[in-house]
Amino acid sequence: MAPAPKSDSAEAIVLNFVNEQNRPLNSQNVADALQKFNLKKASIQKALDNLADGGRISFKEYGKQKIYLARQDQFDIPNTEELTQMKEENARLQKQLEEEKKAIGEVEGEIKSLQSNLTLEQILAKEVKLRMEVKEMEDKLEKLRGGITLVKPEDREAIEKLYSEKISQWRKRKRMFKDLWDAITENSPKNLKEFKEELGLEYDEDVDVSLQSLGELLQRVLFFAKGNIAKFILDLRMVIGLACGREFDIWYKLKLLPVQVVNSIGPSIRHVGLIPSGPPTRGHSEIKNEKGENMGEVTYGGFLVLALRT
């Protein structure tokens, strides 16, 4: 057997790799794996041939290709008893590894849980922030309860102007579309409804929107601003009901009036607005004043306009 090559030579690098792999290899396999050593394929092929000729590695020829393999007589091959011991040791180590992984997972989970919790400093800072937000909301609520105007007149005027412009544009475009649609479909043999669905067109009514009701909304708001509260509420109920396709609890939602006489329809029955502190008022419920005296009864209930029989 030839002497061992120097540790930094190409042959030593190739020999060390072949022994570590201990599997069949061709020159291309070795060249691909040893690119980090900047060894060219020709030098690797030469090193493999020299090692094979010197008896340091084994080889077999398959046609024009050579397959190289580490010499097996240099390895200590365990017997059956040693293999059994190695398998048992491997199983023990695998079990120990699983236990260690489980313990690491539990520790990592606890760390994540602790990191997700706020520290004392963060809790105190958040408490200060929340107290400031609560104070701001209380101040705003106090202003609302006091009837302070929060919208400047110039801002309201600008919003009303913008609203009117959008309504005007809506009305203009709707009229333009109607003229164009009538001209196109005047002599059309198609069913207009099917033709509209085929083109994917939608009218305002298809999405429960009414131009007329929304156009009158600004007038209702201005009417309300002049002090006509009772009539405004009744009209607003009708307008929003038309625009949105369902009834709204105007009295309850807007909380405009605690108790307001809206319209008298007779000497014994009056339409009034009631905001109950609990569940909705039912028909024939008694109404008493602060002294406990009976003022009348509710003829029919709900959150909107109620009839009070005196």
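Me: Hi! How much space lies in the second largest pocket?
Reply: Hi! In this predicted model, the second largest pocket holds about 270 Å³ of space.

Me: Which residues are closest to its centre?
Reply: Those are K174, F177, K178, Y203 and D204, out of 13 residues that line the second largest pocket.

Me: And what classes make up the lining of that pocket?
Reply: Eight of the lining residues are charged and five are nonpolar, with no polar ones.

Me: OK, new topic. How many salt bridges does a search of the whole structure find?
Reply: The search finds seven. One of them joins the side chains of K66 and D49, at 3.7 Å from N to O.

Me: Where do K66 and D49 lie?
Reply: K66 is in strand β2 (residues 65-70) and D49 is in helix α3 (residues 41-53), so this pair ties together parts that are 17 residues apart in sequence.

Me: Is K66 buried, exposed or partly exposed?
Reply: K66 counts as partly exposed, at 28% relative accessibility. D49 also counts as partly exposed, at 22%.

Me: What about E89 and R92, how far is it from N to O there?
Reply: Their side chains meet in a salt bridge at 2.5 Å. Both residues lie in helix α4 (residues 80-116), three residues apart, which is about one turn of the helix.

Me: And which helix has D139 and K135?
Reply: Helix α5 (residues 120-145) has both, four residues apart, or about one helical turn.

Me: Is K135 buried or exposed?
Reply: K135 is exposed, with a relative accessible area of 51%, while D139 counts as partly exposed at 37%.

Notes
Residues numbered from 1 in each chain as written. Predicted model: local features only at pLDDT ≥ 70, side-chain atom pairs only at ≥ 80, totals over all residues. Heavy atoms only, no water. 1 Å grid on protein atoms, 1.4 Å probe; cavity = no way out; pocket = protein on both sides within 12 Å on 5 of 7 lines; lining within 4 Å. Points joined across faces, edges and corners; volume = space filled by probe spheres on them. Nonpolar A, V, L, I, M, F, W, Y, C, P; charged D, E, K, R; others polar. Salt bridge = Lys/Arg side-chain N within 4 Å of Asp/Glu carboxyl O. Helix = DSSP H or I, 4+ residues; strand = E, 2+ residues; numbered from the N terminus. Buried < 20%, exposed > 50% of the residue type's maximum accessible area, 1.4 Å probe, protein only.
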